[in-house]
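Me: I have a model open and I'd like to learn how to read it. Could you take me through it feature by feature?

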Amino acid sequence: MDWSLLIIIKDERGKNYKDENETQKLLKKIYSEENTSFRMEILGEDCTVFRECIMDEWYVAMVVSNTKLFHEIHIILLRNIIISVCVFILIVVFCTLSFRKMRLSMKLVEESLKKVEKMNNTLVQTLVKTIDAKDRYTNGHSQRVAKYAAEIAKRMGKTKEEQNNIYHAGLLHDLGKIRVPEEVINKPDKLTDAEFEQIKVHPIASYYILKDIYEDPLIALGAKYHHERYDGKGYPNGLQGDNIPEIARIIGVADAYDAMASNRSYRKALPQEVVRSEIKKGRGVQFDSKIADIMLSIIDEDKDYSLKQSESGQKNILVVDDEAMNIQIMEFILKDEPLYSVFSASDGKKALKILENYKIDLVFLDVNMPDMNGFEVLRRIRERYSVPVIFMTADREIETIQRGMGMGAEDYVTKPFLPLVVKEVLRNMLMERE
């Protein structure tokens with residue numbers, strides 16, 4: 001068969017290539033190839049041939065150098081790669097910035113939550129101090145009840161969150177005592193029926209204060225019902241058995257234990273065997289038996305009775321003043337406070353000697369004294385002791401007060417003394433040291 005190749009290149013037009021060997025290979029390939037395109041080497045260059053039969057044995061063929069053919073494709077691929085890399089870099093940068101912002105936001109949220117938690121803890125501690133300030137004999141009662149209640153909850157298999165809620169409920173269970181007159185709470189003798197009715201108000205008052213503070217209603221319910229009895233003879237509503245919220249049953253046992261194991265205005269802490277006997281006697285009567293049994297196991301593990309109120313509450317107060325009249329006034333102000341023992345010193349040297357020989361819980365220190373003034377005495381006290389110091393002064397100049405506070409005085413009272421102010425400063429200062 002004779003093969004001819006029609007060339008449309010101007011300089012090649014009219015030529016017959018059937019005698020050229022390489023062209024013959026191309027023609028054979030064009031006629032024999034089934035695909036519309038194929039690759040072959042022509043004149044030493046890699047080419048792609050595009051073929052199409054147009055009528056019978058006539059073919060149209062186009063030969064393109066692969067170098068030229070793929071040049072544009074390479075450019076397109078390169079451009080796409082560059083665009084893809086740029087997009088990827090932008091995505092990475094965006095994600096990095098977003099992650100940093102997210103991490104910063106999470107950190108701010110975490111800090112905010114910590115601040116809220118700190119504020120809540122501060123609020124709780126403030127409320128607890130409010131309770132304890134009302135009752136001079138049971139300072140620390142709320143903290144101890146909370147500790148016992150949380151330990152009971154732990155042994156009952158409660159979650160950390162539940163234990164925490166029960167702890168806070170224990171801290172605040174007596175908050176309503178702010179509604180009870182102080183003379184009733186601190187009465188050293190047996191309460192009259194009318195006075196006991198006033199005492200019964202405090203669970204209700206606690207409930208109405210707490211229900212608006214905490215989202216979890218159980219904390220308020222724990223305070224409201226902690227004086228209910230398992231036999232239904234408690235107050236304020238006479239609930240019986242499991243009708244009493246479990247949190248209140250837990251606090252009720254912890255509260256009863258600490259009431260017996262602590263000093264009260266009318267008696268000292270009861271012996272441990274008496275406390276254990278009363279808890280055991282109250283199983284199924286005053287207390288939920290399962291919870292009482294847990295408290296009994298806690299008592300049995302406390303071989304040294306370390307859970308009772310550890311201190312008698314007696315505090316030693318040192319009054320330092322060169323004027324005997326001022327010392328007598330302070331002794332007169334504190335004479336009706338059975339928990340305070342008053343020591344006195346007429347100058348700084350005697351005061352330092354007393355501090356060497358006795359455990360002093362708080363010092364009232366006059367500023368203006370001969371030989372060694374209050375500032376010098378305070379300096380020497382701070383070199384050796386951490387005891388709180390309250391300045392006594394007739395000098396109301398702010399510079400004097402600021403100097404004393406800057407040297408480590410915790411507070412000051414001015415002369416002539418106001419008895420209620422002295423007592424309030426003293427009580428709150430000692431409460432902070434608990």
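**Reading the model, feature by feature**

Reply: Helices (H or I, at least four residues) and strands (E, at least two) are DSSP runs, numbered from the N terminus. This is a predicted model, where local features need pLDDT of at least 70, side-chain atom pairs count only at pLDDT 80 or more, and totals for chains, interfaces and linings use all residues. Residues are numbered from 1 along each chain as its sequence is written, and side-chain values use heavy atoms, with hydrogens and water left out.

Me: What is the value of phi at Asp371?

Reply: Most residues other than glycine have a negative phi, and most peptide bonds are trans. Asp371 has a positive phi, near 70°. Tyr305, in the loop between α12 and β4, also has a positive phi, near 55°.

Me: Is Tyr305 buried or exposed?

Reply: Buried means under 20% relative accessible area, exposed over 50%, partly exposed in between (1.4 Å probe, protein chains only). Tyr305 has 11% relative accessibility, so it counts as buried. Asp371 is at 88%, so that one counts as exposed.

Me: How do I read confidence?

Reply: pLDDT is the predictor's confidence in each residue, from 0 to 100. Where pLDDT is low, the predicted coordinates should not be read in detail. Here the chain averages 85, and 91% of the residues score at least 70. Over residues 1-10, pLDDT stays under 50.

Me: How many aromatic pairs are there?

Reply: A pair of aromatic rings is described by the distance of the centres and the angle of the planes. Rings of Phe, Tyr and Trp (its six-membered ring) pair if their centres lie within 6.5 Å; planes under 30 degrees apart count as stacked, over 60 as edge-to-face and the rest as tilted. By this rule the model has 5 aromatic pairs. One of them is Tyr207 with Tyr208, edge-to-face at 5.1 Å centre to centre and 80° between the planes. Phe343 and Tyr358 make a tilted pair, with 4.9 Å between centres and 50° between planes. Phe343 lies in strand β5 (residues 340-345) and Tyr358 in the loop between α14 (348-357) and β6 (362-366), so the pair ties together parts 15 residues apart in sequence.

Me: Which charged end sits over the ring of Phe375?

Reply: A charge sits over a ring if NZ of Lys or CZ of Arg is within 6 Å of the ring centre and within 35 degrees of the ring normal. For Phe375 that is Arg403, with its charged end 3.9 Å from the ring centre. Lys224 does likewise over Tyr207, 4.5 Å from the centre.

Me: Which residues of α14 are buried?

Reply: They are Gly348, Ala351, Leu352, Ile354 and Leu355. Seen down the axis of α14, they fall within an arc of 155° (taken from the directions from the helix axis to the C-beta atoms), so they line one face of the helix. The face turned away carries the exposed residues Lys349, Lys353 and Asn357.

Notes. Contact = heavy atoms within 4.5 Å.
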